[in-house]
Every structure is written in structure tokens, then in C-alpha cells.
Amino acid sequence: MDGIRTELRGSASWITLDNPDANALYPGLVASLLDALRAADEHPDVKAVVLTGAGDIFCGGVDATRLSQGDPAEFGAAMVELFKTLPTLGVTVITAVNGDALMSGFSLVCASDIVIAREGARLGTTESSLGAWPMVASVPVLHTLGRHHAFENILTGDPFDAQRARSVS
């Protein structure tokens, strides 16, 4: 699968984002992730999905280089499908945040059922610090954190540390 690794460990399907560029999301990886999530959901022995990242970064957002090589509208639609699919799965989605979860990576965290984050990990959207708005990525953040805490992050672009993210979710 493009950009991910999957492994069945007991009754858990481990899905690891594995893109050398900060485990950033791109069209092929998102398609593979959706396929792996759906396969885990349909597997009779799988009770949970554990989503994590390779190396010391969970997910650094979108891979802008690969995004510019395709159709941004199609990629946006795939991201919407991903964020709509996660909460409808019949299995529990546990996100093991092994390092920074930024931009759309934070949205993956917010769309999960259970989150375990490594101390020192930064979690949040950072787009506004770059002069942009996290259009699609803001939906799971607003839904999970509520307006006040979500806008604290979205408007400033300052990510939360793991302790603060836990306290506001």
C-alpha cells in the first residue's frame, strides 16, 4: 500500500503512516489509508485499529510537493471522505501519537476514538502561522475540541503540547 504499512497484532490492525517526508499525507497515501481502515473494519477478528507514524513524527500534515502534482480538488474530496469515514467505523480507532501531529495530522488525531500521545509531542494546526486556513482539516478539530479551544489553536497556529491537548479535548 502506498505510504502506509499494515500489520495484524492479535485483534488489532496496526496502520503505520510511512512517508519519509514527515509522514505527510498525499493522494496515494490517503487512498491506501481509507482502504486499510475499511479492510480492518470488515475483518471479523479485528476489534481495534491502532494508527501511528513511522519514526519520530506522527504526521506533519499534507505533502505539498505531491499535492501540487495532482488535482487539489480531488485530494480535498479524499480528505473529506477520510474524515467522514473514521467516525463511522465499527472498530475503535486508537491513535498512538509517537511525535508531532500537525495540520491534517492533528485532524486525524481529532477524528480518532482514543488518543495516546508521547510526552513532548506537539498537536495542532499551524496553517495560520503560515498565512493559510485549515479548511478541511478544521472540521474534526472544531468537532472534537469545541469552538473555544479549536479557535485558540486555529487562529494562533500555536500547537498544544500533549498535556494541554488532553485537557482541552
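Me: What share of the chain's contacts between residues at least 6 apart in sequence joins residues at least 24 apart?

Reply: That share is 66% in this chain. Keep in mind that we're looking at a predicted model.

Me: Okay. How does the chain's radius of gyration sit with what a compact globule would have?

Reply: You take the chain length, get the value for a compact globule, and compare. With 169 residues that value would be near 15 Å, and the chain has 15 Å, so the two agree. For the outline, the C-alpha trace spans about 45 × 40 × 30 Å along its principal axes.

Me: And how much of the chain counts as buried?

Reply: Of the 169 residues, 46% do. As for the accessible surface, the total comes to about 8,200 Å², and carbon and sulfur atoms hold 54% of that.

Me: Let's get to the secondary structure. How many helices and strands are there?

Reply: You'll find 6 helices and 9 strands.

Me: What does β2 do on the way to β3?

Reply: Together with helix α1 (residues 27-42), β2 and β3 make a β-α-β unit, and this one is right-handed. Strand β2 (residues 12-17) pairs with β3 in the parallel sense over 6 bridges.

Me: Which other strand pairs with β3 in the parallel sense, over 4 bridges?

Reply: That's strand β5 (residues 92-97). Here, look for Val-50, which stands opposite Ile-94 in β5.

Me: Which way do the side chains of β3 point?

Reply: The general idea is that side chains in a regular strand alternate between the two faces of the sheet. In β3, Ala-48, Val-50 and Thr-52 point one way, while Val-49, Leu-51 and Gly-53 point the other way.

Me: Are those β3 residues buried or exposed?

Reply: All of them are buried, whichever way they point. Buried here means under 20% relative accessible area. Strand β3 (residues 48-53) has 6 of its 6 residues buried, so the rest of the structure largely encloses it.

Conventions: Residues are numbered from 1 along each chain as its sequence is written. This is a predicted model: local features need pLDDT of at least 70, side-chain atom pairs count only at pLDDT 80 or more; totals for chains, interfaces and linings use all residues. Side-chain values use heavy atoms; hydrogens and water are left out. Buried means under 20% relative accessible area, exposed over 50%, partly exposed in between (1.4 Å probe, protein chains only). Helices (H or I, at least four residues) and strands (E, at least two) are DSSP runs, numbered from the N terminus. Two strands pair if DSSP finds at least two bridges between them. A crossover is right-handed if, with the strands pointing away from the viewer, the path from the first strand over the helix to the second runs clockwise. The radius of gyration is taken over C-alpha atoms; the globule rule is 2.2 Å times the number of residues to the power 0.38. Contact means heavy atoms within 4.5 Å. Accessible areas come from the Shrake-Rupley method with a 1.4 Å probe; for residues, only the protein chains shown count as cover.
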